[in-house]
Amino acid sequence: MPRVTSVHRCQQCGFASPKPGTCPDCKRASGELVPLVEERAGPVPSGRRAAVTAGTRPLPLKDVVMERGDRVLTGIAELDRVLGGGVVRGSLVLIGGDPGVGKSTLVLQAARALARVAPPVLYVSAEESAAQVKMRADRLGIGGDGLLLWAESDLSAVQAELGGVKPRTLIVDSIQTVFLPELESAPGSVAQVRECGARLMTLAKGRGIATFLVGHVTKEGALAGPRVLEHLVDTVLYFEGEHHHAYRVLRAVKNRFGSTNEIGVFEMATGGLVEVPNPSGFFLAERPADAPGSVIVAALEGTRPMLLELQALVARASFGTPRRTVLGADYNRVCLLLAVLEKRAGLPIGSQDVFVNVAGGGRVVEPAADLGIVIAAASSYLERPVAGDVLVLGEVGLTGEVRAVSGVEPRLRAAAQLGFRSAIVPRGNTEGALPLPVKGVGSVSDALGALLG
Ligand code: TYD
Ligand code: MG
């Protein structure tokens, strides 16, 4: 029987078939017809056998030794927290994000920090020339002690050099541009990304090198290349932010060594990324005093409360269907809340244009911000400002009821620290000792009476 020498693989999910055609998995999942791409099957790459398991034997649980002291703090507190308390020796961390968001800047700053505490660090740039990276390093004021820079995209060449360099940290920028020469497919293809990822995993575990991979995301927001990469690595971090806003969030979506609730907040400045230990202060810095349509809410990012300014502008629609424009919040949710405001609180805003925005490029996805959105719209419509030292919290239901939310205590504490004097909260959240004086409300009308009456 002739040996199968090629497979046809989906470049989105990694599905493999001996025959050409389209991917049945992607068709089932999204209805999309994704053509399979032929890959010539070479020798099975050595990276397939993960070094975590290679050459080991079953052990009684009690005999398994936990290594201590295998974490290194970079000193960039926002990064250390998202990693679960520093960089774990031999771990593989994938940092995904849109082009231009600042991934290379972040890993270069991490490289500098790690070069101080755990040298040497090897930065492999497969995307930019050494001169380009040097230019960025100069801009960031990075001298480079303990930091080795190498513009190389052949991963086998990098592997060959590791024995001599003995890096404690390896940075690969990016996983979509490195390649293994023994595979025929192009860099960035599923086969290359998967095998390069597996090879780097073997090296990281086998040699105890903490490895950071930079990965690009597609316009749908998923990491380009096979999803298997996300399964393979220990930690997946997403670096997010809007281009025209300076604020960046590093978010853990998977972490074998820590919680996925944590976020790190940075500001992209002219001299690189600056940590923002107090994101609320950052978002509220330019808050107008006594302006109708502005309300402060407290979102909870994982365990971390973040105060945000919600702004609404309600204006008479000049012609045709009234417009609803929403930035930083869910469009459908805002439409629903506006309908509740009209029907349950009697505010005739159905014929008005409504614009809702989270100031500073922030984002709220939680129902806990519902009441804030409703109040901001009402405040703008009525041209009555909400007092600047009041926090507004609550989920709003379709009957106009205000429902209890979780994490009230940390949210209020964050507000108290920033000088807020009181809060409007759901009636169900008024129990216990709270860091701020609160007024409980049971409905949207109650809240309107308390804040704008
Ligand atoms: P970069 O790290 O190259 O992004 P990525 O690797 O994710 O593609 O940074 C991209 C942007 O950041 C670039 O448009 C310029 C800006 N930037 C600053 O504003 N300040 C800085 O100090 C640096 C290095 C970059
Ligand atoms: Mg880059």
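Mentor: Before we count anything, a residue is called buried when its relative accessible area is under 20%. Please also keep in mind that this is a predicted model.

Trainee: With that cut-off, what percentage of the residues in the chain is buried?

Mentor: The chain has 453 residues, and its secondary structure consists of 12 helices and 23 strands. Along its principal axes the C-alpha trace spans about 80 × 50 × 50 Å, and the accessible surface comes to about 21300 Å², with 53% of that area belonging to carbon and sulfur atoms. Taking the buried residues as a share of the chain gives 47%.

Trainee: Turning to the helices, is α9 roughly parallel or roughly perpendicular to α12?

Mentor: Helix α9 covers residues 331–345 and helix α12 covers residues 444–452, and the two pack with their axes 9 Å apart at an angle of about 85°. Because angles of 65 to 115 degrees count as roughly perpendicular, the orientation of α9 to α12 is roughly perpendicular.

Trainee: Which residues of α12 make that contact with α9?

Mentor: On the α9 side, the contact involves V340, L341, R344 and A345. The contact residues of the two helices divide into five nonpolar, one polar and one charged. From α12, the partners are V444, S445 and L448.

Trainee: And how many charged residues take part in the contact of α9 with α10?

Mentor: Helix α10 spans residues 370–382, and its axis comes within 10 Å of that of α9, crossing at roughly 60°, which makes α9 oblique to α10. The crossing is right-handed, with R333, V334, L337, L338 and L341 of α9 meeting D370, I373, V374, A377 and A378 of α10. Of these contact residues, eight are nonpolar and none is polar, while the number of charged ones is two.

Trainee: Finally, is Y238 buried or exposed?

Mentor: Y238 lies in strand β11, which runs over residues 235–241. Y238 and L94 are 144 residues apart in sequence, yet their C-alpha atoms are 8.3 Å apart in space. Since the relative accessibility of Y238 is 12%, and the cut-off is under 20%, Y238 counts as buried.

Definitions and conventions. Residues are numbered from 1 along each chain as its sequence is written. Chains are lettered from A and ligands numbered from 1 in the order in which they are written. This is a predicted model: local features need pLDDT of at least 70, side-chain atom pairs count only at pLDDT 80 or more; totals for chains, interfaces and linings use all residues. Side-chain values use heavy atoms; hydrogens and water are left out. Axes are lines fitted to C-alpha atoms, for helices over the stretch in contact, and angles run from 0 to 180 degrees between N-to-C directions. Helices (H or I, at least four residues) and strands (E, at least two) are DSSP runs, numbered from the N terminus. Angles under 35 degrees count as roughly parallel, over 145 as roughly antiparallel, 65 to 115 as roughly perpendicular and the rest as oblique. Contact means heavy atoms within 4.5 Å. Ala, Val, Leu, Ile, Met, Phe, Trp, Tyr, Cys and Pro count as nonpolar, Asp, Glu, Lys and Arg as charged, and the others, Gly among them, as polar. A crossing is left-handed if the near helix is turned anticlockwise from the far one by less than a right angle, and right-handed if clockwise. Buried means under 20% relative accessible area, exposed over 50%, partly exposed in between (1.4 Å probe, protein chains only). Accessible areas come from the Shrake-Rupley method with a 1.4 Å probe; for residues, only the protein chains shown count as cover.
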